[in-house]
Amino acid sequence: MTLPSSSKIIIIGGGIVGCSTAYHLAQMGQEVLLLEKAALTSGSTWHAAGLVGQLRSNANITQLLGYSISLYDRLEAETGQATGWKMNGGLRLACNKERWTEVKRQATTAHSFGLDMQLLTPKEAQELWPLMDISDVVGAAYLPTDGQASPSDITQALAKGARAAGAKLVENTPVLEILTERGRMTGVRTAEGEIACEKLVLCCGQWTRELAATIGVTVPLISVEHQYMITEAFGVPSNLPTLRDPDRLTYYKEEVGGLVMGGYEPNGIPWAVDGVPDPFDYQLLDSNFDHFEQLMELSLPRVPDLEKVGVKQLVNGPESFTPDGNFILGEAPEMENVFVGAGFNAFGIAAGGGAGMALAEWVAKGEPPYDLWPVDIRRFGRPHTDTDWVRTRTLEAYGKHYTMAWPSEEHDSGRPCRRSPLYDRLKASGAVFGEKLGWERPNWFADAGEEARDIYTFERPNWHGPVGREHTAAREAAVLFDQTSFAKFILKGPDAEAALSWIAANRVDKPVGSIIYTQMLNDRGGIECDLTCVRTTIDEYYIVTGTGFATHDFDWIRRNIPDGLNAQLVDVTSSNSVLSLFGPKARDILSACTRADVGNEAFPFAQAHRIGIAGCPVLALRITYVGELGWELHLPTEYAQTVYDALHRAGEQHGLRNAGYRAIETLRLEKGYRAWGSDIGPDHTPDEAGLGWAVKMKTNADFKGRAAVQAQRESGVKKMLATFTTDGDVILSGRETIYRNGERCGWLSSGGYGHTLGKSIGIGYVRHPDGVTKDHVLSADYELEVGTERVRAEVTLAPLYDPKMERVKS
């Protein structure tokens, strides 16, 4: 085929994700050219194991995997190309009490998301999978709609469908260079010449990182050796379900009358540390029987027949894995019109259909079909630019693929990475740290005699009591949080107000010194950012957002500054430490440290003043995320230790305590404050989330998302965020199913415990396709499904704690 001189969209990579993206773009009528350096499927697709499961901990990722299954179900009939797709169901075993609890919670999550996940006795599981020994099995979960596929056949079917819809797919055409001009992507160069394009999609598997790096785009993935064994045929029925045995780190599927068995060993082996060799097409690595032996030893007690069956092949195929075990989709924040679909962590076949659909919509329409934050490329940040750090963290994630997914579990590898100036002081005070985007952050503080480490469980954890102490101190005395990891930006320029007025849903045309809490909306009215803006001068705003949203929110604001406006956005995260002082004694403590008047009249709520503490210039923000009087104190990092010491000296007589992020969570749940990424996000509007009061609809000012908010106010909402309480012995962690008058109507987006109330608290949306009103929410009986058991719950739309904001504004 003669290469064209241009194509509106170019995809690099002819594996399942590249071909799926081409298929969906072509179905949408887009002009698309796919370039594959060798042959289709010749990277890692052809040697994938081909298990197709659906359940993930996020509803939208589960929906995306469900789309894959619906696509594979119809693809052979549509294209005439065999796919090897079988909906033979999937089993997941539990072999101890903790795993059975996890499986029951997974079953509840499945029910929340509309999947039919059935809990089976060991005998019922064995009837479905007669080859296994069940002597240690406690129970099993069964998803009838899971299945398996032939990776190469599915990919060829997608390629055939893409060509039939007008896409051009060209093999044996390596891309030698991505072309740029003045910081913009313009096309690609091949051995046969240059090809211009408007948009470029990188679906190159484990080659993606190095290619993207040539244009300054970070794609944090590494290659890991992944082995599975194919046995000789021994009469295995073709309709045998897939089997996952996480306590033995292994998986199984039928293949030509035999079995495929593989797994995720704790000591994964990285590959291509110095770069993927070229060529490496339709190639495997040497079988490593010694390394695989640990999985073999785990599998033999489960499937005794494996001892007497011949091994046809031990496949050792490197695949790309990521630091958090989720794949990577989206538009690169470093360069417009460059998109990525890579890092599929050995579930590229399961995700391929849905990921290609989502990426195609992202490319064609500028946004994904729904919120895909767990896989969004913008979830990464500064540590992920270092491949050695990425490799360290990724190998930990690989080894945890089948280990217990404990609530609140933290990663251990690559730490400490980013540290506040107070790290050593806090550690000496008993801090037990967690990590987010590389930042070490105190989660809780152990007192003398308490073990300063997390002990994970599905019951009440060892930090429950210490967090309760911190929670009580916030309500009755005062606490100090080190929130230095907050992402902090400055938007500056003559048109800063005009730019922010377009991007922000709330009014920002306020006097200097005003704090504005605001959402930033997409064109569907969904909440893309949830943050605080401080007007520090007439032409400057100081913007504060969550640690994990640094890349995402910076990218959203920068991209949406209207053309022609003179406003610049700068990331100043590393310049400022943040000490948050909250509690009824906060004013007494602060007034002892500064000559500034911090009384309620001189320094009211939602105001920011510059004050002095121990020789340090401090930007004090009177705002709270815990529902108490208090201030966020933003100050140059070099002063952090001095100000910290001054506050503690003044606070000693008032009962001031250090406190951590887990107390912030329990405090904000009592107050009903929303968390972006769980309670609110791009699929939720302010009115649905109970945040309509923060939208400037009473003005005539236009802003991004206004039309969608207006339309929804005219038609009504179909879901509404509510707060649920249950007996304090019930452990809520999120994703529990909500039942309204016995009918499933949603799931919890957040869950935890309220130490002041002595109750378990959950937040979640009550949904109904015909519309939801306050009366609909409040005039009903509710239950929550927790680990497959239903418990009664009370509902409210008002904050459980200080609903009139009297304490916050005191």
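1. Leu202 is buried, with a relative accessible area of 0%; buried means under 20% relative accessible area, exposed over 50% and partly exposed in between, computed with a 1.4 Å probe on protein chains only. The residue is found in strand 11 (residues 193–202). Helices (H or I, at least four residues) and strands (E, at least two) are DSSP runs, numbered from the N terminus. Leaving aside neighbours within four places in sequence, Leu202 is in contact with residues including Ile12, Ile178, Leu211, Val338 and Phe339, where contact means heavy atoms within 4.5 Å. The C-alpha atoms of Leu202 and Asn462, 260 residues apart along the chain, are separated by 45 Å.

2. On the basis of the model: this is a predicted model, in which local features need pLDDT of at least 70 and side-chain atom pairs count only at pLDDT 80 or more, while totals for chains, interfaces and linings use all residues. Residues are numbered from 1 along each chain as its sequence is written, and side-chain values use heavy atoms, with hydrogens and water left out.

3. On cysteines: the structure holds zero disulfides, a disulfide being a pair of cysteine sulfur atoms within 2.5 Å. Cys204 is in no disulfide, and the nearest cysteine sulfur, that of Cys203, is 6.9 Å away. Cys204 counts as buried because its relative accessibility is 12%. Cys616 is likewise in no disulfide; the nearest cysteine sulfur belongs to Cys593 and is 12 Å away. With a relative accessibility of 1%, Cys616 also counts as buried.

4. On strand 12 (residues 222–231): 10 of its 10 residues are buried. In a regular strand the side chains alternate between the two faces of the sheet. Both faces of strand 12 are covered, with Ile222, Val224, His226, Tyr228 and Ile230 on one side and Ser223, Glu225, Gln227, Met229 and Thr231 on the other.

5. On the partners of strand 12: two strands pair if DSSP finds at least two bridges between them. Strand 12 is joined to strand 17 (residues 311–321) by 10 bridges, and the two run antiparallel; Gln227 has Asn316 as its bridge partner there. With strand 15 (residues 258–263), strand 12 pairs in the antiparallel sense over three bridges, and Met229 stands opposite Met261. Two bridges link strand 12 to strand 16 (residues 270–271), also in the antiparallel sense, with Ser223 opposite Trp271.

6. On helix 5 (residues 151–164): its 14 residues reach 20 Å from first C-alpha to last, close to the 20 Å expected at 1.5 Å a residue. The expected span is 1.5 Å times one less than the number of residues. Among its buried residues are Pro151, Ile154, Leu158 and Ala162. The buried residues of helix 5 pack against helix 1 (16–27), helix 2 (59–79), strand 8 (168–170) and helix 8 (348–365). Helix 5 is followed by Gly166, whose phi is positive, near 110°.

7. On helix 8: 15 of its 18 residues are buried, so the helix is mostly covered. Helix 8 bends by about 35° at Gly354, the bend being the angle between axes fitted to the seven residues ending at a residue and the seven starting there. Gly366, with a positive phi near 85°, follows helix 8.

8. On the barrel: six strands close in the order 33-36-35-34-37-38, with antiparallel pairing.
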